[in-house]
Amino acid sequence: MIEIVNWKRGTEVKNEMKLEFRAVSDNEAFARTAVAAFVTQLNPTLEEISDIKTAVSEAVTNSIIHGYEGEDREENRVWIHCFIRNDVLEVEIRDNGIGIADIEKAMEPLFTTKPELERSGMGFSFMEAFMDDLEVFSGAGQGTTVHMVKKLGVASWIADTD
């Protein structure tokens, strides 16, 4: 399911997109490409698109590999909710998987719960490095939501200093 909604709220223009797809590895490339295509309306640089695609890829892969432990079941879903405010992209990636018991530990560089799959444990580190803000909400048995923010272009940085 793909849903794109446009509306005006006061003088602020907001654009929003929601995706829902089965939690299988084949859909990781689709997810990052869909988010990259959505953000093109802000005329991002190639570097900004690459950063966003990498962060989305890591979050979706975490949902599939860790959240659902790689189990291919019809009910295992990943949801992506993107919205744009001025020149800022916000992305939420959510699953209803097993959740993360210790978020702080999971976010440590090189920590992985799947060393047998040759996982590097750098997913959250990459998300933090390539996005401007990262928040992770989870608990054991409660699924996980990753919220990321990326400011695009020079205008947002100039506005922050005013």
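# Briefing on a predicted protein chain

In helix 4, the residues G123, F124, S125 and M127 are buried, and what covers the buried residues of this helix includes helix 2 (46-67), helix 3 (103-106), strand 5 and strand 6. The model described here is a predicted one, in which the protein chain averages a pLDDT of 83 and 77% of the residues score at least 70.

**Overall plan**

- The protein chain holds five helices and six strands, and, when it is read along the sequence, these elements follow the pattern β-β-α-α-β-β-α-α-β-β-α.
- Of the 162 residues in the protein chain, 46% are buried, while the chain exposes about 8,900 Å², of which carbon and sulfur atoms supply 51%.

**Confidence**

- Confidence in the protein chain is highest in helix 1 (residues 27-39), at a mean of 97, and lowest in strand 1 (residues 2-9), at a mean of 45.
- Over residues 2-11 the pLDDT stays under 50, and for these residues the model has 19 contacts beyond four places in sequence.
- Where pLDDT is low, the predicted coordinates should not be read in detail.

- Strand 3 (residues 77-85) and strand 4 (residues 88-95) run antiparallel and are joined by eight bridges, with R85 standing opposite V88 in strand 4.
- These two strands, strand 3 and strand 4, form a hairpin with two residues between them, and N86 in the turn has a positive phi of about 55 degrees.
- Strand 4 is also joined to strand 6 by eight bridges, and this pair likewise runs antiparallel; here E90 stands opposite V149 in strand 6.
- Strand 5 (residues 133-138) is joined to strand 6 by six bridges, again in an antiparallel arrangement, and L134 stands opposite M148 in strand 6.
- Strand 5 and strand 6 form a hairpin with five residues between them, and in its turn G141 has a positive phi of about 75 degrees.
- Strand 6 (residues 144-151) is mostly covered, since seven of its eight residues are buried.

- When residues up to four places away in sequence are not counted, V149 touches V88, L89, E90, M131, D132 and D133.
- V149 and V88 are 61 residues apart along the chain, and yet their C-alpha atoms are separated by 7.0 Å.

**Aromatic rings**

- A pair of aromatic rings is described by the distance of the centres and the angle of the planes.
- The count of aromatic pairs comes to two. One of them is formed by F21 and F30, which are edge-to-face, with 6.1 Å from centre to centre and 90 degrees between the planes.
- Within this pair, F21 counts as buried because its relative accessibility is 5%, whereas F30 is partly exposed, with a relative accessible area of 35%.
- F126 and F130 also form an aromatic pair, and this one is tilted, with 6.2 Å from centre to centre and 35 degrees between the planes.
- Because F126 and F130 are four residues apart in helix 4 (residues 123-130), they are separated by about one helical turn.

Technical notes:
Residues are numbered from 1 along each chain as its sequence is written. This is a predicted model: local features need pLDDT of at least 70, side-chain atom pairs count only at pLDDT 80 or more; totals for chains, interfaces and linings use all residues. Side-chain values use heavy atoms; hydrogens and water are left out. pLDDT is the predictor's confidence in each residue, from 0 to 100. Contact means heavy atoms within 4.5 Å. Buried means under 20% relative accessible area, exposed over 50%, partly exposed in between (1.4 Å probe, protein chains only). Accessible areas come from the Shrake-Rupley method with a 1.4 Å probe; for residues, only the protein chains shown count as cover. Two strands pair if DSSP finds at least two bridges between them. Rings of Phe, Tyr and Trp (its six-membered ring) pair if their centres lie within 6.5 Å; planes under 30 degrees apart count as stacked, over 60 as edge-to-face and the rest as tilted.
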